[in-house]
Amino acid sequence: MDDLRIKYLTLIADAGDESAIESLRVQAVGKKGEISLQMRELGRMTPEERQTAGPALNALKDEITSALVARKESLADAALDERLRSEWLDVTLPARTRRMGTIHPISQVTEEVTAIFADMGFAVAEGPQVDTDWYNFDALNIPGHHPARAEMDTFYMHRAEGDNRPPHVLRTHTSPVQIRHMEKHGAPCRIIAPGRVYRADYDQTHTPMFNQFEGLAIDRDISMANLKWVLEEFFAAFFEVDGIKTRFRASHFPFTEPSAEVDIQCSWVDGQLKIGEGDGWLEVLGSGMVHPHVLRSANVDPDQWQGFAFGMGIDRIAMLKYGMPDLRAFFDSDLRWLRHYGFASLDVPTLHGGLSR
Ligand code: PHE
């Protein structure tokens, strides 16, 4: 019995994998295994012999069985260790941002603007880029003969021959989203609406497609003072200068009354533009109190509700903040420009984490 014990314990210790363990199990304690056969011999023994041999054989069987189990476990552990070693991955290595590409300045600035206005309780609204002339013009108090239609250099979509309905337009501004949003959700409301707009125009600061964002806040007693505070909060956060000054100049838009164009404080030193200091001014947006006709077009009662709206060029404020001289480069898809002015793809702008880095 001792020989059997030593033989199997040695074989088990030497077994190199699970299948070797399994065949040893069959060979030792399987139905026709060596130890099992010995146990059958018990029947032929005298009762005295059986009294010592029986327990001894049982103990041997138990010992071999647990040695098999233990060896099997340690082989599995070793296999897992080996796998962990070969599949090891350093998750602290920096991501390969270059391969993932960069975030376009327009997407970056849109995110920045959205983060700042979200903090002031503005939701994001959207509208279609191809719209009817009713949403783009009429509902905004710009009737058919109005000179603003010509001023906007509108792109009209062709209708099929014989279709006499007015043509669709590529929206010339984000203002139609004011109407669509109020029509659907009514008052009060507080939204910004970023997106693409189109005008037939092309030079260093104009491209046929560009980006705006609309702001709209309607409630029972919203005033120009609220507009001024909201815009100054925005500029301070966006340009990262506290106490930036704004200048409101009387202006005219058909959809606001009164209307104001808004300038921000800047300086030019040695050909370098600095925002938020000095005594120069840069025009950045149009704004005003929403015209009663506009509220009425969107089924909002102007006797109960009032508020402000503004429209700002996203590309324009991106150029100012990040010092990009030519708007046309935004849409050239030149990889050298995108790598230079693009933003790391994992740096999502937030107010607490920093808008730009
Ligand atoms: N829609 C105007 C434009 O594109 C901007 C604007 C929006 C002005 C809202 C006033 C109020 O020029």
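Analyst: A definition comes first: helices and strands here are DSSP runs, numbered from the N terminus. Keep in mind that this is a predicted model.

User: How does the lining of the largest pocket divide by class?

Analyst: The lining of the largest pocket has 19 nonpolar, 16 polar and nine charged residues. For this count, Gly is placed among the polar residues.

User: What about the second largest pocket: how much space lies in it, and which residues are closest to its centre?

Analyst: About 220 Å³ of space lies there. The second largest pocket is lined by 14 residues, with I106, Q129, G195, R196 and N211 the closest to its centre. Two or more lining residues come from each of α6 (105–119), β5 (189–198) and β6. Of these elements, β5 has the largest share, three residues. By class, the lining of the second largest pocket divides into five nonpolar, six polar and three charged residues.

User: Where does the ligand sit?

Analyst: The ligand sits in the largest pocket. To read its surroundings, list the residues with a heavy atom within 4 Å of the molecule. Here 14 residues surround the ligand, and H173, S175, R199, Q212 and G311 are the closest. R199, Q212 and G311 are also among the residues that lie nearest the centre of the largest pocket.

User: Which elements supply the shell around the ligand, and what classes of residue does the shell have?

Analyst: At least two residues of the shell come from each of β6, β10 and β11. The largest share, three residues, is from β11. The shell has four nonpolar, eight polar and two charged residues.

User: Which side chains have a polar atom close enough to the ligand to count as a polar contact?

Analyst: The cut-off for a pair of N or O atoms is 3.5 Å. H173 has a polar side-chain atom 3.0 Å from a nitrogen atom of the ligand. For R199, an N or O atom of the side chain is 2.9 Å from an oxygen atom of the ligand. Q212 likewise places a polar side-chain atom 2.9 Å from an oxygen atom of the ligand. On its own the ligand has 320 Å² of accessible area, and the protein covers 90% of that.

User: Now the backbone. Which peptide bonds are cis, and where are the prolines placed?

Analyst: Omega is the angle to read. The bond that joins A187 and P188 is cis, with omega about -5°, and P188 is in the loop between α9 (176–185) and β5. The bond from E257 to P258 is also cis, with omega near -5°. P258 is placed in strand β8.

User: Which residue other than glycine has a positive phi?

Analyst: E240 is such a residue, with phi near 55°. E240 lies in the loop between α10 (224–238) and β7.

Notes
Residues are numbered from 1 along each chain as its sequence is written. This is a predicted model: local features need pLDDT of at least 70, side-chain atom pairs count only at pLDDT 80 or more; totals for chains, interfaces and linings use all residues. Side-chain values use heavy atoms; hydrogens and water are left out. On a 1 Å grid over the protein atoms alone, a cavity is a set of points where a 1.4 Å probe fits but cannot get out, and a pocket is an open set with protein on both sides within 12 Å along at least five of seven lines; lining residues have an atom within 4 Å of a point. Grid points are joined across faces, edges and corners, and a volume is the space filled by probe spheres set on the points. Helices (H or I, at least four residues) and strands (E, at least two) are DSSP runs, numbered from the N terminus. A polar contact is a pair of N or O atoms within 3.5 Å; within protein, one must be able to donate a hydrogen and the other to accept it, and residues adjacent in sequence count only if both atoms are side-chain atoms. Accessible areas come from the Shrake-Rupley method with a 1.4 Å probe; for residues, only the protein chains shown count as cover. A molecule sits in a cavity or pocket if more than half of its atoms lie within 2 Å of its grid points.
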